[in-house]
Amino acid sequence: MNKKVIKPEKGLKGKITIPPDKSISHRAVIFSSLANGTSVIKNFSAAQDPKSSLEICKSLGVKAEFKNNNELYITSSGKLTSPIDTLYCGNSGTTMRLVAGVLAGQSFNSVLTGDESLSNRPMQRIITPLSLMGAKIISNNGRSPLEIYGRNLHGITYSSPISSAQVKSSILLAGLFAEGKTTFTEPYLSRNHTELMLSYMGADISINGLSVSVSQSELIPKIIEISGDISSAAYFIAAALLVPNSEIILKNVGLNPTRTGILDILEKMGADIEILNKHTVSNEVTGDLRVKYSELKACKIEGDIIPSLIDEIPILAVIATQAEGQTVIKDAQDLRNKESDRIKAIVTELKKLGAAIEETTDGMIIHGKTDLKGGIELETYQDHRIAMSLYIAGLLCPKEILIRNFDWVNISFPEFDEFFGHLLA
Ligand code: S3P
């Protein structure tokens, strides 16, 4: 499906509830599958990626049933069973990397595959540490398909060269099945949903600065309530900040500090964002945001803040085109390994709109503020976050733009269009 985007005549107004967090949804379904009994997941994501995790858990012998109000009941004996077929992860790197960690320590063999984009993403980053734990994984030169031969694993102390929550989670999940203690250390803190949920479900886990340790544990089934996805909220935040006369309220936005880098940066840029009603659900901080149109200034985005806003860099690039001065984004090399090479993708497409933006090896430099022009067609690179970022850029163009293959948004945010409809009405 191609999508036309037209500059709104008025500002965005109204209130929406942000849909469930994708990262937490993956973990809720995978971890519940490892607990003996019935877990209830309230507010499970309707996006394609978490569905890939759910389907795989079902193929591993877990029962899943949706009941009233989008509650997902997961019933498991706590022991997974050998799958009949290959396990398809679709477009989801989180599914592949987390599930690989679980499967490495089972008593059966399995094969993980994915779509074209996922088949090109680096898997050596999990194969290396899992192999050190005693896992046997055959890959296609460090890429999927992954043939996983279940083995008895032993704990390791591993210092990861990259900050990646997917790698960290993969190793910690393998650690739940390994003999002895597994300790994972990362250079900067990546999102910690795994640590919070494992602890909520009774795992033997401890945290010491940038290191986290687990030992063999049985998880307890729980009621898990999933807060809204700040990475989805980011597009509405951007739209309200950039479209004159906007003022919106976003309800139930996950505010885990390992995910709120975008709010810290926007505050420095001069954004008018107020946090309301902050509270904790299922070990995760959540709250509401009031966002108003703001005049923004440029900012440096680098170092330890990068993992906490890694998925928001494409939309931050769009925002930076409207900020006064030079915005520099550094230390974000791993963006080239996402669903697309997100550095190249966003720089190429924003240039087509007339933005003053340059690619660097590990980020980009953006000069603002520039008027974006429209009247052209743009590409999504089969990447949901590029599609949604370009939609926001389109709201700023005097002439209509057309985004090709916009349906990639379904990977993380099938309700995107409908929600924008409410705020632009
Ligand atoms: C995710 C972690 C991040 C992020 C991805 C989801 C997760 O990837 O980009 O969208 O759920 O753990 P890395 O951990 O590989 O940086």
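An oxygen atom of the ligand lies 3.0 Å from an N or O atom in the Ser164 side chain. This is a predicted model. The protein covers 95% of the 380 Å² of accessible area that the ligand has on its own. The ligand sits in the largest pocket. Two cis peptide bonds and a positive phi are also listed below.

- The side chain of Ser23 places an N or O atom 2.7 Å from a ligand oxygen.
- Ala165 takes part through its backbone: a polar backbone atom is 2.7 Å from an oxygen atom of the ligand.

**Shell around the ligand**
- Ser23, Arg27, Thr94, Ser164 and Ala165 belong to the residues that surround the ligand.
- Gln166, Arg191, Ile310, Asp311 and Lys338 complete that shell.
- By class, two shell residues are nonpolar, four are polar and four are charged.
- Helices α1 (22–33) and α6 (165–175) are the elements that give two or more residues to the shell.
- Domain 1 (3–20 + 227–424) supplies at least three shell residues.
- Domain 2 (22–225) also supplies at least three.

**Cis peptide bonds**
- Most peptide bonds are trans.
- Ser144 and Pro145 are joined by a cis peptide bond, with omega about 5°.
- Pro145 is part of strand β9 (residues 143–149).
- A cis peptide bond also links Gly368 to Lys369, with omega about -5°.
- Lys369 is placed in the loop between β24 (363–368) and β25 (377–378).

**Positive phi**
- Most residues other than glycine have a negative phi.
- Asn43 has a positive phi, near 70°, and is not a glycine.
- The loop between β3 (36–42) and α2 (48–59) holds Asn43.

Note on methods:
Residues are numbered from 1 along each chain as its sequence is written. This is a predicted model: local features need pLDDT of at least 70, side-chain atom pairs count only at pLDDT 80 or more; totals for chains, interfaces and linings use all residues. Side-chain values use heavy atoms; hydrogens and water are left out. A residue is near a molecule or strand if one of its heavy atoms lies within 4 Å of it. A polar contact is a pair of N or O atoms within 3.5 Å; within protein, one must be able to donate a hydrogen and the other to accept it, and residues adjacent in sequence count only if both atoms are side-chain atoms. Accessible areas come from the Shrake-Rupley method with a 1.4 Å probe; for residues, only the protein chains shown count as cover. On a 1 Å grid over the protein atoms alone, a cavity is a set of points where a 1.4 Å probe fits but cannot get out, and a pocket is an open set with protein on both sides within 12 Å along at least five of seven lines; lining residues have an atom within 4 Å of a point. A molecule sits in a cavity or pocket if more than half of its atoms lie within 2 Å of its grid points. Helices (H or I, at least four residues) and strands (E, at least two) are DSSP runs, numbered from the N terminus. Ala, Val, Leu, Ile, Met, Phe, Trp, Tyr, Cys and Pro count as nonpolar, Asp, Glu, Lys and Arg as charged, and the others, Gly among them, as polar. Domain bounds come from an automatic or database domain assignment.
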